[in-house]
Amino acid sequence: MSAYEVVPVRAFSDNYIWTIRDGSCAAVVDPGDAEPVIDYLEREGLELVAIINTHHHADHVGGNAQLLSRWQVPVFGPHDDRIPEVTHRVGDFDRVTLPHFDIALDVMEIPGHTRSHIAFSGDGMLFCGDTLFAAGCGRLFEGTPKQMHESLTRLAQLADATRVYCGHEYTLSNVRFARALEPGNAALLELEQRATRQREQNLPTLPSDIAQEKATNPFVRVGEPLIVAAASKYAGKPLHNPVEVLAAIREWKNNY
Ligand code: ZN
Ligand code: FE
């Protein structure tokens, strides 16, 4: 495996297209827009070697075709015809190897945001699209609260130090909501202060890591008594299990 770094390319208002790159080549995760990726690769003198897609939404796959018209590279993505450009369809327990970099990434099916959403993890990294965000989770467009709970639980079982590369810069708004649920959570306060400084300097707040998510993310912390109590208050009735709690706080966040 060669030395590489992971660099975000910004797209639209708050998307990150994560780029795994060394001095000559790059693989990109969820290129919703080709233009900023092409600009970046040209500026840095890099050849594209692979595309990774986590889910079918246009802000994650919209740049596939234009990139492929210039670089004929493999596209690793989910079993879902809504992404016609995918050349290697992968699901649970598949492992992909990024060409040139020789990085092995394990695939996990993590439905909830969409029914065919997948994540890629390996070498201390997790690319999780719109399922797990720093201190938040994706909206339930196609999946159920139960699916999202199972997906987040699975992701939270990765090693604490795993760096979490999410698809959007949503951290501050997520933290504000999380603070309403757990005002006494010191890790959340620290995250809010750090993320505020980073955003003031126009820096990304990502990657997060799994330890941070376990300490701060209310959608991961659905078993915590304070979160259960807050969710029950919102729902107007006692909630008895983590799936109900997740459903309630997801709905609350939608209207927050
Ligand atoms: Zn999405
Ligand atoms: Fe998205």
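Is Leu41 counted as buried or exposed at 1% relative accessibility? Leu41 counts as buried, because its relative accessibility is 1%. These legends describe a predicted model, in which local features need pLDDT of at least 70, side-chain atom pairs count only at pLDDT 80 or more, and totals for chains, interfaces and linings use all residues. Residues are numbered from 1 along each chain as its sequence is written, chains are lettered from A and ligands numbered from 1 in the order in which they are written, and side-chain values use heavy atoms, with hydrogens and water left out.

**View 1. Leu41 in helix α1.** Helix α1 spans residues 34–44 and contains Leu41. Helices (H or I, at least four residues) and strands (E, at least two) are DSSP runs, numbered from the N terminus. Buried stands for under 20% relative accessible area, exposed for over 50%, and partly exposed for values in between (1.4 Å probe, protein chains only). Cys25 is 16 residues from Leu41 along the chain, and their C-alpha atoms are separated by 8.5 Å.

**View 2. Ser69 in helix α3.** Ser69 belongs to helix α3, residues 64–70. Its relative accessible area is 59%, so Ser69 is exposed. Between Ser69 and Asn202 there are 32 Å in space, C-alpha to C-alpha, and the two are 133 residues apart in sequence.

**View 3. The zinc ion (ligand 1).** Four protein donors, His55 (NE2), His57 (ND1), His113 (NE2) and Asp130 (OD), lie 2.2 to 2.3 Å from the zinc ion. Donors are N, O and S atoms within 2.8 Å of the metal (3.2 Å for Na, K and Ca); water is not among the atoms, so sites may look incomplete. The angles among the four donor atoms run from 86 to 170°, and the site is irregular. Four donors count as tetrahedral if all angles lie between 85 and 135 degrees; four count as square planar and six as octahedral if opposite donors are over 155 degrees apart and all others between 65 and 115; anything else is irregular.

**View 4. The iron ion (ligand 2).** Asp59 (OD), His60 (NE2), Asp130 (OD) and His168 (NE2) coordinate the iron ion at 2.1 to 2.3 Å. Angles of 86 to 167° among these four donor atoms make the arrangement irregular. Asp130 coordinates both the iron ion and the zinc ion, which are 3.2 Å apart. His60 sits in helix α2 and Asp130 in the loop between β10 and β11, so this pair ties together parts 70 residues apart in sequence. His60 and Asp130 are both buried.

**View 5. The largest cavity.** A cavity is a set of points, on a 1 Å grid over the protein atoms alone, where a 1.4 Å probe fits but cannot get out; a pocket is an open set with protein on both sides within 12 Å along at least five of seven lines; lining residues have an atom within 4 Å of a point. The lining of the largest cavity includes Tyr16, Trp18, His60 and Cys166. Domain 1 (1–101) and domain 2 (110–256) both give residues to this lining, so the cavity lies between them. The domain bounds come from an automatic or database domain assignment.

**View 6. The largest pocket.** The lining of the largest pocket has 16 residues, and Phe133, Cys137, Gly138, Arg139 and Tyr170 lie nearest its centre. Helices α5 (171–181) and α9 (242–254) each supply at least two lining residues. The largest share, three residues, comes from α9.
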